[in-house]
Amino acid sequence: MYQLVLVRHGQSEWNALNQFTGWADVELTEKGRQEAKEAGAIFKAHNLEFDLAYTSVLRRAIHTLDIILGEIDQVWLPVHKRWRLNERHYGALQGFNKKKMAEEVGAEQVHIWRRSYATPPPQLETDDPRWQRSDARYAELSDEEVPRGESLKDNVARMEPFITEELLPMVKTGKRVLISAHGNSLRSLVKYLDQMSDDDIVGFEIPTGKPILYQLDENLKPISREFLEA
């Protein structure tokens with residue numbers, strides 16, 4: 001039996017402000033840091049230990065992982081940062097308040113952008129400073145790989161090479177893996193592991209700071225999926 005644990009980063013500054021965040025690199029709030037500490041306490045209560053960890057290249061996920069590893073006294077753990085674990089890119093919506101956007105274009109349209117599977121948000125123009133083309137973290141990527149706005153379907157496609165070529169082969173070696181990432185990148189992983197339908201995954205919620213424990217069989221198919229409590 002193989003183990004894989006997922007945790008969504010704690011509350012970020014833009015979560016607290018109800019703003020579309022995506023690839024914007026915002027920090028955790030004090031509540032978010034506390035959520036990360038509580039996640040670490042849950043791991044300790046369940047006697048969970050890890051062999052390595054993955055995170056995105058965004059600070060809210062990185063700092064959540066740092067706090068967790070401190071809480072479980074595993075700060076020495078090898079950590080791999082992967083851009084494919086970044087949050088879904090919200091395109092031209094990034095930085096806008098969700099409620100105000102609903103007032104401007106209608107709640108139904110905002111709901112479609114947020115919760116449909118295949119409808120992307122409005123795309124960023126290539127000269128928009130919110131496009132991360134010039135960010136050093138993505139210097140090795142092609143223009144096509146740096147998104148200007150993604151649907152959940154796009155996010156799933158972006159995650160698949162990481163899942164199939166790196167993550168699952170690593171789990172197959174027997175390594176106990178912890179992933180600190182984002183709501184939509186983790187939903188993409190859940191969809192892949194559980195072979196969840198397009199309709200079901202859009203309604204699947206992953207709360208901030210609440211770990212998910214997967215037990216996988218010899219074929220890396222889920223035996224169980226459990227939200228962990230202290």
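**Stop one: the core**

Begin with the largest nonpolar core, a set of 31 residues; select Leu4, Leu6, Leu167, Ile179 and Leu189, which have the most contacts inside it. Now colour the elements that give this core two or more residues: β1 (2-8), β2 (52-55), α6 (152-172), β4 (177-181), α7 (183-194), α8 (198-202) and β5 (212-216). The top contributor is α6, with eight residues. Keep in mind as you look around that this is a predicted model.

Next, pick Leu189. Setting aside neighbours within four places in sequence, Leu189 is in contact with Leu4, Leu6, Met159, Ile163, Leu167 and Ile179. There's also a second, separate core, this one of 16 residues; to find it, select Val5, Phe50, Leu65 and Leu228, which are among its members.

**Stop two: Gln74**

You'll find Gln74 in the loop between α3 (59-71) and β3 (79-81). Is Gln74 buried or exposed? Gln74 counts as buried because its relative accessibility is 6%, under the 20% cut-off.

**Stop three: Leu141**

Last, jump to the loop between α5 (107-115) and α6, where Leu141 is found. Leu141 has a relative accessible area of 12%, so it is buried. Trp83 and Leu141 are 58 residues apart along the chain, with 9.8 Å separating their C-alpha atoms.

Methods. Residues are numbered from 1 along each chain as its sequence is written. This is a predicted model: local features need pLDDT of at least 70, side-chain atom pairs count only at pLDDT 80 or more; totals for chains, interfaces and linings use all residues. Side-chain values use heavy atoms; hydrogens and water are left out. Helices (H or I, at least four residues) and strands (E, at least two) are DSSP runs, numbered from the N terminus. Buried means under 20% relative accessible area, exposed over 50%, partly exposed in between (1.4 Å probe, protein chains only). A nonpolar core is a set of buried Ala, Val, Leu, Ile, Met, Phe, Trp, Tyr and Cys residues joined through side-chain atoms within 4.5 Å. Contact means heavy atoms within 4.5 Å.
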